[in-house]
Amino acid sequence: MSRAAALPTVLLIEPQFVLRRTIVAVAHDLRLADFREATSVEAARPLLAAQSFDAIVLDIDIGDRALALLSQLRQGAFASQPHIALVATTQVKQHALREAQLRELEGVCILLKPFKVAELLERLQRVPVRQPLPATEH
Amino acid sequence: MQAAPTPINETERLRALKALSLLDTPPEERFDRVVRFAAEQFDMPIALVSLIDRDRQWFKARFGLDARQTGRDISFCGHAILHDELFIVEDAQQDARFADNPLVTGDPHVRFYAGASLSAAGGERIGTLCLIDRVPRTLGAVEQAVLEALRTLVNEAIHSESDPA
């Protein structure tokens, strides 16, 4: 019997209500990713401590703590592997500043706001997904 | 032109619409932010939350349109409330129901329309979240899912007194 392909597990840290809820709903309806959501860095920390994710999508315009969180993720401070996919979203006018700030962090993808939901989900389809453990044979 | 047909549950539908106390009320951010987001997300010049009253459609939220209401008989949304699924007209000029509609032949020159019906608590379809363009369009699978997700947010706003944001 074939098993459905595993979906990437993604933590979305996004304060904008309509954007956040739309991304999560579309990904769920189309079975493109399994999202958890948080509205702030503070709300995300317990989730990051408790669960391993394949990718993090974070609005880095929500404050300095967002940049600190990305750095901690790369250092392996949470349950996820240190080299998971990190997508930082930012307003166009902040792009140059954010690009400079993220230079020291390896492999952080920047997505400029406003972006299309399809564009984000398409990027997440390229995220390597941890393979589930094989089912036990009885 | 085919005027928007009257749903078989029109009496109950109008009663449910009135009970929501939304008609002729001031703009509210919980609806406005959804039409702004929809217009941006779909690159649409017009996005609306339209409520279908007895003889008119009245816009609770509007982006890209100055009018506060139009006649129900010429409304696309009057057709959309007959369906649970998305109601999409890819090119109104090529559609016999709408080709000579004054909203197509004149301002705002509708060519593309996509409407997601909105529901009262009892399931009565009381209006739509709709997208309008002045050129022919199609909606892909992800875009249709986005419109469905936004429909859910507007339905939640309709049924909630408080703003969750």
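User: Two strands pair if DSSP finds at least two bridges between them, so which residue stands opposite A:K113 in β5(A)?

Analyst: That's A:Q91. One thing to keep in mind as we go is that this is a predicted model.

User: Thanks! How many bridges link β4 and β5(A)?

Analyst: Six bridges, with β4 (residues 85-91) of chain A and β5(A) running in the parallel sense.

User: And what order do the strands of the open sheet in chain A come in?

Analyst: Follow them as β2-β1-β3-β4-β5: five strands in chain A, with parallel pairing. At the edges sit β2 (34-38) and β5 (108-113) of chain A, each of which has a pairing on one side only. Ignoring direction, neighbouring strands are turned by 20° against each other on average.

User: Which strands does helix α1 of chain A touch?

Analyst: Helix α1 (residues 17-29) packs on the sheet and touches β1 (9-13), β2 and β5 of chain A. Its direction makes about 165° with that of β2(A).

User: Where does helix α5 of chain A lie?

Analyst: Helix α5 of chain A, residues 117-124, lies across β1, β2, β3 (55-59), β4 and β5 of that chain. Relative to β5(A), helix α5 of chain A runs at about 170°.

User: Switching to chain B: at what angle do the axes of α2 and α5 cross there?

Analyst: They cross at roughly 175° and come within 10 Å; α2 of chain B covers residues 29-42 and α5 of chain B covers 141-159. Because of that angle, α2(B) is roughly antiparallel to α5(B).

User: Which residues make that contact?

Analyst: From α2(B), they include B:F31, B:V34, B:F37 and B:F42. From α5(B), B:L147, B:L150, B:V154 and B:I158 are among them. The residues of this contact divide into 11 nonpolar, one polar and two charged.

User: What's the mean pLDDT of chain B?

Analyst: It's 96, and 97% of the residues in chain B reach 70 or more. For the model, ipTM is 0.93 and pTM is 0.92.

User: Last topic, the interface. How many residues of chain A are in contact with chain B?

Analyst: 13 residues of chain A, which meet 16 residues of chain B. Between them the two chains bury about 1,300 Å², of which 74% is on carbon and sulfur atoms.

User: Which residues in chain A lose the most area to chain B?

Analyst: Look for A:F17, A:V18 and A:K116. Together they account for 40% of what the chain A side buries.

Methods:
Residues are numbered from 1 along each chain as its sequence is written. Chains are lettered from A and ligands numbered from 1 in the order in which they are written. This is a predicted model: local features need pLDDT of at least 70, side-chain atom pairs count only at pLDDT 80 or more; totals for chains, interfaces and linings use all residues. Side-chain values use heavy atoms; hydrogens and water are left out. Two strands pair if DSSP finds at least two bridges between them. Helices (H or I, at least four residues) and strands (E, at least two) are DSSP runs, numbered from the N terminus. Axes are lines fitted to C-alpha atoms, for helices over the stretch in contact, and angles run from 0 to 180 degrees between N-to-C directions. Contact means heavy atoms within 4.5 Å. Angles under 35 degrees count as roughly parallel, over 145 as roughly antiparallel, 65 to 115 as roughly perpendicular and the rest as oblique. Ala, Val, Leu, Ile, Met, Phe, Trp, Tyr, Cys and Pro count as nonpolar, Asp, Glu, Lys and Arg as charged, and the others, Gly among them, as polar. pLDDT is the predictor's confidence in each residue, from 0 to 100. Buried area is the accessible area (1.4 Å probe) that two parts lose on being put together, summed over both.
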